[in-house]
Structure formats: C-alpha cells, structure tokens
Amino acid sequence: MSEQELKALRVRIDTLDEKILELISDRARCAEEVARVKMASLAEGEKPVFYRPEREAQVLKRVMERNKGPLSNEEMARLFREVMSSCLALENPLHVAYLGPEGTFTQAAAMKHFGHAVVSKPMAAIDEVFREVVAGAVNFGVVPVENSTEGAVNHTLDSFLEHDMVICGEVELRIHHHLLIGENTKTDAITRIYSHAQSLAQCRKWLDAHYPNVERIAVSSNAEAAKRVKGEWNSAAIAGDMAASLYGLQRLAEKIEDRPDNSTRFLIIGNQEVPPTGDDKTSIIVSMSNRPGALHELLVPFHDNGIDLTRIETRPSRSGKWTYVFFIDFVGHHRDPLIKGVLEKISQEAVALKVLGSYPKAVL
Ligand SMILES: C=C(O[C@@H]1C=C(C(=O)O)C=C[C@H]1O)C(=O)O
C-alpha cells in the first residue's frame, strides 16, 4: 500500500471519528435528559430508578440484530455496552460489589455486565457481597453461581437461603486459566501451585499430566494465588488474564483448563425487580416435604406447561436433618400469566416457595 493511500484512509478515519464523537455526545445528552424526565415524574417519596437492565438488554439485542459486520455481534455489543455504561454514569454511577480481590473472574464478569463506568467494590467473601447489597451499601452485587466443569458454587446457593434480595441479571464468562510465574520463579524447581479450589479442579487433568508431584494449594481466590507467587521462587499460580496483568506475572502455559468450553455463570443481585423483556429467566427456591414423589410433583407443572427448565440444584435445607431445598431456573418471567399459574400450582404442594427474581437472559 502506498503512503498516499494510507494518508487518505487516515483522513477518512479522522472524519468518521469526528462523527462518532458527535453522535456519542448526542446520545449522552439524551441519557441526561432521560434522567431529568425520570426525576420529574417521581411520586412523593419515590426513589428514582436510573438503571434499567431490561432496557439495556433490548438496546444490545437491537445492536446485534442490525449489525452487518465486519465486526462480530459480540464485539459490537461490547462497544455499545461501554457506551451505555458511560451514559448511565452521567445519570448516576452504579456502585457494584463483587467477589474480590481485584483481578478475579467475578470482577471480569461485573465489567462484562455493567461496563467499566461503575464504582466497583471488591469483597473478601460471597456472603459479604450479599450483605453489602442487602444493607443498601451498593446498588448491585456480582457472585459466581455455577461452572460448566465443576458445577454449583455452594456458598452462593446457601447465601440465597439466608438473605432477601432480588436476582436482576446473569452473565456468562468463558474461563481460561494460565499457569503463571513471577520474575524470580525457577521453572525447574516449582514445588507448589496455588489457585482457588474451583480452578484447581477445572485444571485437574492438565496438572496430573504436567505437574503430578507438585503440591496443589487451595487459596481464597485466583488473584490471591497470583499475589503469593510474586514473592516466591518455587511456586506458580493458576489464574486468568486479569490477575496475570494485575500482578505482572508471565504465562508459563496458556489455556490449561481441561475442557475448552469451560465457562462460569454469574448472577447480578440487587434490590430492584426487573420488568419482562420477552426473553427472560426466573430463579426460584422450593422446599418440599420429604415424601415419595415430591420431586415428581414439583416438576409436573413445568412439564405440563412446556416450560424449559435450565437448571435444578439440591442443597440441604438447614432447617432439618436430611431435608432439602431445590434451586430451579426456568425460561419465562414470573409476571407471565403462564408462569404465574405454574408458580401457584407449585406453592399448593410446596412447604415454601420463594421467587428469587426474573431477569433478562444474558445477551453478551
Ligand atoms: C437512558 C436510560 O437510562 C439508562 C441508560 C441506558 C442507555 O444508555 O441506553 C439504558 C437504560 C438505563 O440503564 C433509559 O432508561 O432509557
């Protein structure tokens, strides 16, 4: 390509950037106007709701439907995600707690869902994220709930039994693990590998094949593992990209997860109910009396009404020995008449039924 051609293309890009700049500013002014309208239409004592996840899901879906390339739908939606995040921050910046410390996959999930224009707050444990949300110290919390290789995150399920809040969204993240070392690590003298127990489990076969005799040490998070390695010469950590760059570690081996499709699903918890979008999911907790056929009775109304169950999980109920609660996710919104009917049927049979929330299916 000649210098001349390159120059002409750059002039075109500059002109386009000016237009984009103007359009983004117009959009931001519109969002400011939306905030003004929201404030003006409040009833006495009513608090404004600036963040509207159902609307954001619609915006992203529209972008993906209309995108003609060459950027992929995911890439385009990611860009719009950030634009919306900045527009919302003009209205009112969101405060989001997540399972920390900085550099965890949960932080990456929070950024994927809300964009980067939020005030984020790392918490030391899942239960603390719940407490922060229930106390109203933040608008939302982000916690992991299940991994495609390792299954349920029990701390999260148990926290739902103890706290009253609403599930407002879900986000799925592809999880890639790397074996990370620090500047001082002697690669032929590694005697211990740190990571979170879930990550060690997700890389079990790889570790068996490559480091069968090295001690595997479970720590509170992958970011904590990365932090420890920085100061030691005989250890390595398993963690993701964010932790690697945060602590300046090198990748000794990349993408070492046993399953190439390894993904984790996270939930967004808050205090605000989300209206239907037409493409929603609902999460409930049900406890049934301990008698033959109880689980069957619970599932029949879903089957009879053709409702798609996306997950069912069992946990000890904590209110009696050998009694259980079921965590069920299904497609639909609890305000849909069909779903309402099903929930009524279930509540007639159940000892207790709690709707944890209805929320838009993950878009990104
Ligand atoms: C602009 C609004 O407020 C927020 C910002 C949005 C946006 O930038 O598109 C969308 C939904 C809200 O989270 C709105 O409610 O429409």
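Are Asp329 and Arg265 buried or exposed? Both Asp329 and Arg265 are buried. The points below concern a predicted model, and they begin with this pair.

1. Asp329 and Arg265. These two residues form a salt bridge, in which the closest N and O atoms are 3.1 Å apart. The pair links distant parts of the chain, with Asp329 in strand E14 and Arg265 in strand E11 (residues 263-270), 64 residues apart. Asp329 counts as buried because its relative accessibility is 2%, below the limit of 20% for that class.

2. Asp329 and Arg311. Asp329 also forms a salt bridge with Arg311, and here the closest N and O atoms are 3.3 Å apart. This pair again links distant parts of the chain: Asp329 belongs to strand E14 and Arg311 to strand E13, 18 residues apart. Arg311 has a relative accessible area of 9% and is therefore buried.

3. The salt-bridge network. Salt bridges that share partners join Asp329, Arg265 and Arg311 with Glu146, Glu170, Lys281 and Glu313 into one network. Across the whole structure, a search finds 28 salt bridges.

4. Glu170 and Lys281. Glu170 lies in strand E5 (residues 166-174) and Lys281 in strand E12 (residues 280-287), so the pair ties together parts of the chain that are 111 residues apart in sequence. Both residues are classed as buried: the relative accessible area is 7% for Glu170 and 11% for Lys281.

5. The structure holds 6 aromatic pairs. One of them is the tilted pair of Tyr51 and Phe114, at 5.5 Å centre to centre and with 50° between the planes. Tyr51 is in the loop between helix H1 (3-40) and helix H2 (53-66), whereas Phe114 is in helix H4 (residues 105-114); the pair thus links parts of the chain 63 residues apart. Tyr51 and Phe114 are both buried. Phe114 also forms a tilted pair with Phe140, at 5.6 Å centre to centre and with 35° between the planes. Because Phe114 lies in helix H4 and Phe140 in strand E3 (residues 140-147), this pair ties together parts that are 26 residues apart in sequence. The relative accessible area is 3% for Phe114 and 2% for Phe140. Tyr51, Phe114 and Phe140 form one aromatic cluster.

6. A surface patch of charge. Asp14, Asp17, Glu18 and Glu22 gather in a patch of negative charge on the surface. Asp14 has its place in helix H1. With 46% relative accessibility, Asp14 counts as partly exposed.

7. Two separations along the chain. Pro301, in helix H11 (residues 294-304), is buried at 8% relative accessibility. Pro301 and Val342 are 41 residues apart in sequence, and their C-alpha atoms are 5.7 Å apart in space. Ser319 is found in the loop between strand E13 (309-316) and strand E14 (324-331), and is exposed, with a relative accessible area of 69%. The C-alpha atoms of Ser319 and Leu338 are separated by 31 Å, at 19 residues apart along the chain.

Methods:
Residues numbered from 1 in each chain as written. Predicted model: local features only at pLDDT ≥ 70, side-chain atom pairs only at ≥ 80, totals over all residues. Heavy atoms only, no water. Phe/Tyr/Trp six-rings, centres within 6.5 Å; stacked < 30°, edge-to-face > 60°. Helix = DSSP H or I, 4+ residues; strand = E, 2+ residues; numbered from the N terminus. Buried < 20%, exposed > 50% of the residue type's maximum accessible area, 1.4 Å probe, protein only. Patch = residues over 30% accessible without salt bridge, like charges linked within 9 Å, V, L, I, M, F, W, Y side chains within 5 Å. Areas by Shrake-Rupley, 256 points an atom, 1.4 Å probe, with all protein chains shown as cover. Salt bridge = Lys/Arg side-chain N within 4 Å of Asp/Glu carboxyl O. Lys, Arg positive; Asp, Glu negative; His and termini not counted. Charge placed at Lys NZ, Arg CZ, Asp CG, Glu CD.
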